[in-house]
Amino acid sequence: MVYEKTSYKPLEQNTPLYSWDPSYECRFTETFPAISHDGKLAVTEQFKTSSVAVMNIDGSERRVVFDAAGKGLAFQPCWSADGATIYFGYGFWFENRATSPARIMRINRDGTGLEAMTEATHNAGFPSCAPDGKRLVFRLWTEQGAGGLRILNLADRSVQVLTTGFDNLPAWSPDGSLITFTRRVAGGNFDIFTIRPDGSNLRRLTTSPCNDAHSVWTPDGHIMWTSGYYGFKDESALYDNNFQPYGQIWSMNADGSDKHVLTDSLWEDGEPLWIPSSMLRRA
């Protein structure tokens, strides 16, 4: 007799996954992965306490540098340009964002020097550092609703308004010229946009009726994101505990051209991180 058995136990870090494109080797990682210039991986341990952990690319020497301790969620760690500091949002998200605060925090890579970078009067999160090491972009939510994207000057902590729409999940390009982000558009749909750090040249890159979100940059300036273009896959929507039973990882050029799918599983594939082969060899 052959039967199916479901399990929601998380995979081990770097568990090999099937790759639909022979140009890519796919491996499992935890939430919001980010890599430093010297090859250290930072993640949110969402399967545990939503703390921030740092490890080698191969998963070795793993250690928690910020313990959320069940008092909030530490989402989207990002590295400073010199790799000495990790920035992340800490607080409460999703349906709690309108009533509960969250702040941009920073901590040294060894877990010392924890410091809040924003006030606890609003819900600030999902930071991304500029490659010049002087600024970071983050999402702001206020009691009145979406506040848009803001740019924080790390030297004097002054804040510049970048957008005022229903925007989230910003990511600074490797050359510093663009920021990609997710925006809710007419009809409640979500699409991928880019904008220059000075607020000019707003550009919509996806226009399909599905949700497109969680865009990130590759080291060579391409954009990867998660799309529901193919809808619910087979019987996956029948599982009560499945978080989002749709979504594949796609890739495109920075101008929105050459869109093509990279994964095609039954489940949600999201929050990709492209690790250069040179770093894998070094690891």
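Strand E11 and strand E12 (residues 135-142) run antiparallel and are joined by 5 bridges; strands count as paired if DSSP finds at least two bridges between them. This is a predicted model, where local features need pLDDT of at least 70, side-chain atom pairs count only at pLDDT 80 or more, and totals for chains, interfaces and linings use all residues. Residues are numbered from 1 along each chain as its sequence is written, and side-chain values use heavy atoms, with hydrogens and water left out. Helices (H or I, at least four residues) and strands (E, at least two) are DSSP runs, numbered from the N terminus.

**The E11-E12 hairpin**
- With 5 residues between them, E11 and E12 form a hairpin, and glycine 133 in the turn has a positive phi of about 75 degrees.
- Across the pair, serine 128 sits opposite valine 137 in E12.

**Around aspartate 269**
- You will find aspartate 269 in the loop between strand E22 (260-261) and helix H1 (277-282).
- Aspartate 269 counts as buried because its relative accessibility is 16%.
- Setting aside residues up to four places away in sequence, aspartate 269 touches Thr226, Gly247, Gln248, Ile249, Thr263 and Asp264 (contact means heavy atoms within 4.5 Å).
- The C-alpha atoms of aspartate 269 and tyrosine 246 are 7.8 Å apart, with 23 residues separating them along the chain.

**Around serine 19**
- Serine 19 lies in the loop between strand E1 (16-17) and strand E2 (26-27).
- Beyond its neighbours within four places in sequence, serine 19 is in contact with Tyr24 and Cys26.

How values were computed
Buried < 20%, exposed > 50% of the residue type's maximum accessible area, 1.4 Å probe, protein only.
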